[in-house]
Amino acid sequence: MPEELSCDVVVIGTGPGGEALVGRLAAAGLDVVAVEKELVGGECPYWGCIPSKMMIRAADALAEARRVDALAGTATVVPDFGAVARRIRDEATDDWDDTVAADRLTDAGARLVRGHGRLDGDRRVVVGEQTFVAAKGVVLNTGTTAAAPPIPGLADTPYWTNRGIIETETAPSSMIVIGGGPIGLELAQAFSRFGTAVTVLEVGPRILAVEEPESSEVIAKVFESEGIGVHDDVSIDAVAHDGEVFHVTCGDVTYEAERLLVAAGRRSRIDDVGLESVGVEPGRHLTVGDDMLVKEGLWAIGDIVGRGAFTHVSMYQSERAARSILGEPMGAYDTSLPRVTFTDPEVGGVGLTEHQAREQGINVRVGLTDLAASSRGFVHGPGNEGLIKIVIDDDRGVIVGANSVGVSGGETLAGLAFAVRAEIPVDTLTNTIYAYPTFWRAIESAL
Ligand SMILES: Cc1cc2nc3c(=O)[nH]c(=O)nc-3n(C[C@H](O)[C@H](O)[C@H](O)COP(=O)(O)OP(=O)(O)OC[C@H]3O[C@@H](n4cnc5c(N)ncnc54)[C@H](O)[C@@H]3O)c2cc1C
Ligand SMILES: NC(=O)c1ccc[n+]([C@@H]2O[C@H](COP(=O)([O-])OP(=O)(O)OC[C@H]3O[C@@H](n4cnc5c(N)ncnc54)[C@H](O)[C@@H]3O)[C@@H](O)[C@H]2O)c1
């Protein structure tokens, strides 16, 4: 007979949102049980955002050093991937040990239970031999894993997902990347800058298809100039590994490389969490209200709710779930969805693309400016590629979306993100002083 234990709330999965939620609810005095089967903090700190951004930081330092010759004399660059691997192991992940994060939860007063959590009826969660009965309810934050496309042969090969590539201690001599989304592009460029010969294979008509076509074009051109092969519209027929080399066949062409990274999207971990026991039919994602409720006594946050697979979204939803559980007021859901792909140049995006705005029947006006042609772009020289594109709802006189591509495109995005979120009138934005010579001054030109 499993042991039955009572509590106020069970959080299954401690991704960034779940981890924050456990601390928040415990601080509010609730009896909280956190269930985690791997590492407290989830994908972002151990195999996602943080270590990948450490690789990118190092790779960008290499690229910037290579620009010295054009700007300031000579610099000899000898890449050493060991330095970044050590930084990831020692500083970012504690060698993939979550003791610090786990202690933070228990120090806050929560109980941490290691194992696979599964719903067992309303407000009930089973973990191994224990059953937790949660007076207020259960929150799901179980996140995603890398999806493997159904390509013949792929499953039998030792391909990398985000986990293998983040844990590597060496940069391979060559790598094929399946998928031209944020994961594939960020890591393709980072490894290329460490000397890996990289080929990106994208099934769609363009890479980074979630952003503006002009932004995809800038990245494709930069990749080409850096020697990264980018192939759109590919159809991969087969993947094989001969013990040493991967062979990826697309029609008449076979690409070969030492490593293969599969970055073709993510799959929600909601197929084995007992949703059937509470009468919820799982689709690709879980449908939630703006208070993150799936149904009474069951909340879901993070990638599994399909409102943007980002750490900042998971954290935002965590706070909404906390307020819902604690009966605190919350404003309307922020649908502006700022996001940044950390290629160099970075691609920042917020709100709707031009295409999405037109599909919604918005009376669209578009502003577009080339960052390289701005005063700051001229001063910057090598590495100045970029643009700002603004999508305006002409009837309402507000910006409904923007892309900001540039060396600091993610930071420049801030101004545009506030403009979209706060619906600052375009008349105000055109009657504003933009500091000279900043990259964000290009917003004025786009307007
Ligand atoms: C390479 C890479 C780079 C990324 N870079 C960025 C970036 O720069 N910026 C950004 O905003 N986002 C980035 N992301 C996305 C980001 O990592 C996720 O959006 C973020 O982790 C939020 O996920 P989550 O809260 O849904 O849960 P996750 O982080 O996926 O964590 C879910 C947790 O639940 C646990 N779990 C699952 N099922 C169970 C169960 N049944 N019982 C117990 N525990 C369970 C898992 O072990 C895991 O710890 C990146 C992702 C990857 C892969
Ligand atoms: N900087 C960031 O914020 C950041 C960085 C990395 C990841 N993320 C998050 O993680 C999510 C997952 O990233 P992702 O890049 O794996 O997924 P994605 O879904 O964004 O992109 C996957 C790409 O793979 C392509 N693809 C799918 N099947 C294919 C096939 N058989 N052959 C060739 N190409 C194929 C898709 O067309 C798409 O372009 C992102 O959507 C994003 O939300 C964010």
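Which element gives the largest share of the shell around ligand 2? Helix 8 does, with 4 residues. Helices (H or I, at least four residues) and strands (E, at least two) are DSSP runs, numbered from the N terminus. The model is predicted: local features need pLDDT of at least 70, side-chain atom pairs count only at pLDDT 80 or more, and totals for chains, interfaces and linings use all residues. Residues are numbered from 1 along each chain as its sequence is written, while chains are lettered from A and ligands numbered from 1 in the order in which they are written.

The shell around ligand 2 holds 26 residues, each with its C-beta atom, placed from the backbone, within 6 Å of the molecule. The closest are Pro149, Gly179, Gly181, Gly265 and Ala309. Helix 8 (182-193) and strand 18 (339-341) each give two or more residues. Domain 2 (154-264) and domain 3 (339-446) both contribute to this shell, so ligand 2 lies between them. The domain bounds come from an automatic or database domain assignment.

Ligand 1 is surrounded by 37 residues. Gly13, Gly15, Gly42, Gly143 and Gly302 are the closest. Among the elements that give two or more residues are helix 1 (16-27), strand 2 (32-36) and helix 3 (49-66).

Helix 3 also meets helix 8. Ser52, Met55, Ile56, Ala59, Leu62 and Ala63 in helix 3 contact Glu186, Leu187, Gln189, Ala190 and Arg193 in helix 8; contact requires C-beta atoms, placed from the backbone, within 7 Å.

Definitions and conventions:
Two residues are in contact if their C-beta atoms, placed from the backbone, lie within 7 Å.
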